[in-house]
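Grab your viewer and work through these exercises one at a time. Each has a task and then a worked solution.

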Amino acid sequence: MIKNITRRRALATVAASIAGTSLFAFDASSSGAAGDPKQFVDIFGGQLETIMNNNHSLPYEAKKKKILSLIDANVDIDGIAQYCLGRYWKTASSDQKKYYLKLFCSIVRYSVMSRLNNFNGVHYTIGNVQKQDDGTDVVYTTLSFPDKSPVNVGWTVGYRQEHPQIVDVVGGGASLRLTQRNDYVAFLRRNGGDVDILLNALSKQVARNEGRSQ
Amino acid sequence: MSRYLGCVILLLLVSCSSMKAPVPKDPDDLADYKAANDKYEPLNRKMFNLSMKVDKWIFHPAAKAYVWAVPRPIRDSIGNLIRTQNEPSVFFNDVAAGRPRRAGDAFVRWVINMTAGIAGFMDVAKIAGIPHHGNDAGLTMANWGVPSGPYLFLPIGPSSFRDGFGYAIDQGLSPWDYAPRGFGLLSFNWAYNLMGVVHARADHLDDLAVVERDALDPYATIRSAYQQERKAQAEAIKNDHRATVPDWYDR
């Protein structure tokens with residue numbers, strides 16, 4: 001039975017990576033780092049550290065605002081949303097797509113904000129870069145915390161827009177967007193491929209998130 | 001008699017067919033079906049739902065009580081103990097996987113932590129620059145090229161045909177399983193196994209809560225995460241080409 005601990009820990013490590021590092025997926029900044037993924041992620045890391053570790057002159061609400069603006073500038077949320085819907089993106093109507101993107105963005109923002117306090121005192125070190133077959137680059141980093149074990153995280157940098165943007169986070173070997181896609185696709189398959197049912201479920205999630213935020 | 005036997009066989013066949021997901025005919029659905037690698041999805045989902053109920057009523061409350069009652073440094077020590085006691089299994093699997101450097105690391109970790117680490121309560125080896133790495137029979141077989149087979153959700157958690165078989169092999173690699181009767185060691189083995197389950201659950205109370213709360217299909221999320229992670233672990237072992245002798249040995 002002790003071996004299932006390894007398996008359960010592995011699974012939970014993945015979940016932890018997904019849940020706990022989603023904040024980092026959406027805190028990148030690409031100021032002046034066009035083209036070079038390592039430099040892009042390095043700048044992002046520096047800005048992240050500055051914001052997260054500034055507990056003296058930066059109140060919580062100001063921190064939130066800065067991070068959300070970094071997300072908007074440097075994470076390809078629409079691209080990730082489209083990826084997560086898989087083949088159902090093609091069959092969705094334009095109204096459904098618009099609403100879906102709005103809900104997805106709201107979920108991402110809440111996901112980041114709800115974990116803000118988990119990343120006080122974080123520091124990062126940049127590792128190597130690995131080119132992927134789909135034209136993206138994965139930049140590996142190690143995130144160190146004052147009270148937790150370090151976490152290895154890979155940042156997938158895509159070039160859908162003109163400047164580099166974060167399109168994925170890989171933690172514990174698991175891709176955040178691929179896992180999310182498998183979640184949505186499985187849900188849609190079990191509901192006859194009806195995108196409206198997905199949108200209804202996501203809107204309920206957003207409503208719950210808003211209730212928790214108040 | 002033959003009529004009753006026929007009924008039993010028929011019942012078995014019917015129940016077997018309900019354990020397997022039907023193969024879709026639509027090409028897109030078929031692609032999703034193959035990507036998920038979850039032929040026994042109906043059965044797996046039943047097992048998952050049952051496991052979640054057991055977790056809700058037994059392991060989750062036990063883990064919360066454990067976190068409340070046991071201070072963090074002691075919980076960390078227990079985690080170190082569990083990891084150290086697993087090192088023999090890691091060692092044998094590293095040897096079987098043909099990774100002598102990893103096997104050496106596991107062996108040295110076990111020696112250091114059992115001695116300087118006081119039976120494994122302290123992870124002195126990590127301080128010495130030899131962090132823990134995991135390995136099990138499922139990953140060893142993956143290293144040999146054995147495919148994982150369909151996904152399975154077992155009572156022990158997410159698995160596959162290969163990993164489930166590997167788990168059975170790993171049971172034979174723990175030294176505690178060979179403790180002679182009458183020495184109290186068997187009781188200790190059971191106690192520390194159960195403690196290990198609660199400890200592992202406690203380590204990830206928030207994370208699994210997030211998955212259950214935010215995932216539209218927690219079963220599919222856990223399946224996807226597990227499959228990706230196992231694949232990455234197997235590749236990490238395959239791609240570990242470090243020299244058998246560490247650098248410090250030559251100095």
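Chain A has eight helices and five strands, where helices (H or I, at least four residues) and strands (E, at least two) are DSSP runs, numbered from the N terminus. The model is predicted, so local features need pLDDT of at least 70 and side-chain atom pairs count only at pLDDT 80 or more, while totals for chains, interfaces and linings use all residues. Residues are numbered from 1 along each chain as its sequence is written, chains are lettered from A and ligands numbered from 1 in the order in which they are written, and side-chain values use heavy atoms, with hydrogens and water left out.

**Exercise 1. The fold of chain A**

Task: work out in what order the elements of chain A run, and what share of its residues is buried.

Solution:
- Step 1. Starting at the N terminus, read off α-α-α-α-α-α-β-β-β-β-β-α-α for chain A.
- Step 2. Of the 214 residues in chain A, 51% are buried (buried means under 20% relative accessible area, exposed over 50%, partly exposed in between, with a 1.4 Å probe and protein chains only).
- Step 3. Now look at contacts (heavy atoms within 4.5 Å). Taking those in chain A with a separation of 6 or more, 57% link residues 24 or more positions apart.

**Exercise 2. The sheet**

Task: find the strand order of the sheet in chain A and say which strands sit at its edges.

Solution:
- Step 1. The order is β1-β2-β3-β4-β5 in an open sheet of chain A, with antiparallel pairing. Two strands pair if DSSP finds at least two bridges between them.
- Step 2. The edges are β1 (123–131) and β5 (174–175) of chain A, each of which pairs on one side only.
- Step 3. Go to β3 of chain A, residues 151–158, where six of the eight residues are buried. On one side β3(A) pairs with β2(A), residues 137–144, through seven antiparallel bridges; here A:Asp137 is opposite A:Val157. The two strands β2(A) and β3(A) make a hairpin with six residues between them.
- Step 4. β3(A) also pairs with β4(A), residues 165–171, through six antiparallel bridges, and A:Trp155 has A:Val169 as its bridge partner. This pair, β3(A) and β4(A), is a hairpin with six residues between the strands.
- Step 5. Finish with β4(A) and β5(A), which run antiparallel and are joined by two bridges; A:Gly171 is partnered with A:Ala174.

As background, strands of a sheet pair through backbone hydrogen bonds, either parallel or antiparallel.

**Exercise 3. Where the chains meet**

Task: work out how many residues each chain brings to the contact and which element of chain B gives the most.

Solution:
- Step 1. Chain B brings 54 residues and chain A brings 43 residues.
- Step 2. Between them the chains bury about 4100 Å², with 57% of it on carbon and sulfur atoms. That area is the accessible area (1.4 Å probe) that two parts lose on being put together, summed over both.
- Step 3. The rule picks out two salt bridges across the interface of chain B and chain A (a side-chain nitrogen of Lys or Arg within 4 Å of a carboxyl oxygen of Asp or Glu).
- Step 4. Several elements of chain B supply at least two residues each to the side that touches chain A, among them α2 (27–36), α3 (41–69) and α12 (218–238). The most comes from α12(B), with twelve residues.
- Step 5. Sorted by class, that side of chain B has 22 nonpolar, 14 polar and 18 charged residues. Ala, Val, Leu, Ile, Met, Phe, Trp, Tyr, Cys and Pro count as nonpolar, Asp, Glu, Lys and Arg as charged, and the others, Gly among them, as polar.

**Exercise 4. One arginine, two aspartates**

Task: find what the side chain of A:Arg87 meets in chain B, and explain why the pair with B:Asp29 joins two chains.

Solution:
- Step 1. A:Arg87 forms a salt bridge with B:Asp29 (2.4 Å, N to O). It joins two chains because B:Asp29 lies in helix α2 of chain B, while A:Arg87 lies in the loop between α4 (77–85) and α5 (88–91) of chain A.
- Step 2. Check accessibility: B:Asp29 is partly exposed at 25%, and A:Arg87 is partly exposed at 22%.
- Step 3. A:Arg87 also forms a salt bridge with B:Asp32 (2.8 Å, N to O). B:Asp32 is buried, at 19% relative accessible area.
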